[in-house]
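These are my notebook entries on a single chain, written while I went through it element by element. I kept each entry to what I looked up and what I found.

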Amino acid sequence: MAVDTDKQSFWEHLDVLRVAIVKIVAVAVVFGIAAFCFKDELFAVVLAPKNDGFVTYRLFNRIAAWAGGETGSFAVQLINTGLAQQFIIHMKTALCAGVLCASPYILYQLFRFVSPALYANERKYVVRVVGGGYALFVVGVLVSYFLIFPLTFRFLGTYQVSGEVANLITLDSYISTLVLMCLSMGIVFEIPILSWRFVKLGFLSADFMRRYRKHAIVIILVVAAVITPTSDVFTLSLVALPMWLLYEVSILLVDRVKKQTSGI
């Protein structure tokens with residue numbers, strides 16, 4: 001049974017929310033300061049995809065060598081064009097890392113705030129939905145960091161229309177692209193959770209998703225073009241492919257949930 005929250009006034013509810021927000025900000029700031037202090041370790045992770053020794057490149061080189069293909073190395077030099085730009089980027093990156101590390105605690109505080117107004121079965125439902133959504137978001141970020149962004153960076157960072165034109169990629173462009181792609185893929189990986197929620201509400205069915213699969217592919221390409229920080233077909237394909245795979249997985253998930261609900 002839900003806890004009676006009517007005993008608290010509006011201002012008391014607001015005070016509870018204020019305390020939760022203060023705790024969230026404090027923990028995020030602490031993690032951000034820690035990330036700022038460990039600058040070398042932080043940027044060793046952030047800048048790893050630009051080096052040909054990154055795990056993704058080594059894996060693809062091994063696959064190419066096993067298949068009898070050619071393996072090659074590459075080098076891309078990042079530059080800085082602003083006097084205070086590196087320091088500002090350091091602070092922004094540390095802040096993002098702090099929020100990312102504090103995200104489980106943030107979700108916990110938000111759940112503590114809303115849980116008194118929920119029934120016991122609703123709490124279990126929220127925990128499953130939020131937990132599953134968070135896990136999928138993390139998977140999306142990891143897929144972007146280990147697969148989509150490295151391949152995009154290697155392709156675009158080494159692409160030249162002429163040997164006389166050198167690529168000079170700014171640190172700000174690199175960091176912005178990395179953060180945007182990781183965030184976008186994290187959100188994209190919420191498609192199965194949204195599909196599951198819609199089928200629970202009766203708004204969606206597997207037959208509907210199959211019937212409009214072609215329309216969905218067009219929408220996926222449009223969304224991929226919008227969230228892709230570059231305008232090349234290679235990056236567009238890398239972003240659109242996981243979205244299409246998630247759509248197909250969502251069809252299977254929706255079909256299974258529908259059968260369970262119908263008792264089949």
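**Entry 1: an annotated span.** How far apart do the end C-alpha atoms of residues 129–153 lie, and how much of the span is helix or strand? I looked this up in the model, which is predicted, and found the ends 33 Å apart, with the span 100% helix and 0% strand.

**Entry 2: the whole chain.** I stepped back to the overall layout and counted ten helices and two strands, which follow one another from the N terminus as α-α-α-β-α-α-β-α-α-α-α-α. The C-alpha atoms fill a box of roughly 70 × 50 × 30 Å along the principal axes. Of the 264 residues, 32% count as buried, and the chain exposes about 16,700 Å², of which carbon and sulfur atoms supply 69%. When I took the contacts with a separation of 6 or more, I found that residues 24 or more positions apart account for 80% of them.

**Entry 3: a nonpolar patch.** I next looked for nonpolar side chains on the surface and found a patch formed by Val55, Leu59, Phe60, Ile63, Val138, Leu142, Phe146 and Leu147, with about 640 Å² of accessible area together. The elements that give two or more residues to this patch are helix H3 (55–66) and helix H5 (120–158). Val138, which is found in helix H5, is partly exposed, its relative accessible area being 30%.

Entry 4: Which residues of helix H2 (residues 39–46) are buried? I noted Leu42, Phe43 and Val46, and because they cover an arc of only 85° around the axis, they sit on the same side of H2. On the face of H2 turned away from the buried side, I found the exposed residues Asp40 and Ala44.

**Entry 5: two buried positions.** I looked up Leu238, which lies in helix H10 (residues 233–262), and it counts as buried because its relative accessible area of 17% is under 20%. Leaving out residues up to four places away in sequence, Leu238 touches Ile148, Leu151 and Thr152. The C-alpha atoms of Leu238 and Thr152 are separated by 7.9 Å, although the two residues are 86 residues apart along the chain.

I then turned to Ser195 in helix H7 (residues 191–201), which is buried with a relative accessible area of 6%. Apart from neighbours within four places in sequence, Ser195 is in contact with Leu204, Met209, Ser250 and Val254.

**Entry 6: salt bridges.** How many salt bridges does the structure hold? I found four, and I went through several of them in turn.

Arg18 forms a salt bridge with Asp15, with the closest N and O atoms 2.7 Å apart. Both residues lie in helix H1 (residues 10–37), three residues apart, about one turn of the helix. Arg18 is partly exposed at 47% relative accessibility, and Asp15 is also partly exposed, at 36%.

The side chains of Arg210 and Asp255 meet in a salt bridge at 3.8 Å, N to O. Arg210 lies in helix H8 (residues 206–211) and Asp255 in helix H10, so this pair ties together parts that are 45 residues apart in sequence. I noted Arg210 as partly exposed at 33% relative accessibility and Asp255 as partly exposed at 22%.

The side chains of Glu248 and Arg213 meet in another salt bridge, at 2.8 Å, N to O. Since Glu248 lies in helix H10 and Arg213 in helix H9 (residues 213–227), the pair ties together parts that are 35 residues apart in sequence. Arg213 counts as partly exposed at 28% relative accessibility.

How values were computed:
Residues numbered from 1 in each chain as written. Heavy atoms only, no water. Patch = residues over 30% accessible without salt bridge, like charges linked within 9 Å, V, L, I, M, F, W, Y side chains within 5 Å. Areas by Shrake-Rupley, 256 points an atom, 1.4 Å probe, with all protein chains shown as cover. Helix = DSSP H or I, 4+ residues; strand = E, 2+ residues; numbered from the N terminus. Buried < 20%, exposed > 50% of the residue type's maximum accessible area, 1.4 Å probe, protein only. Arc of directions from axis to C-beta. Contact = heavy atoms within 4.5 Å.
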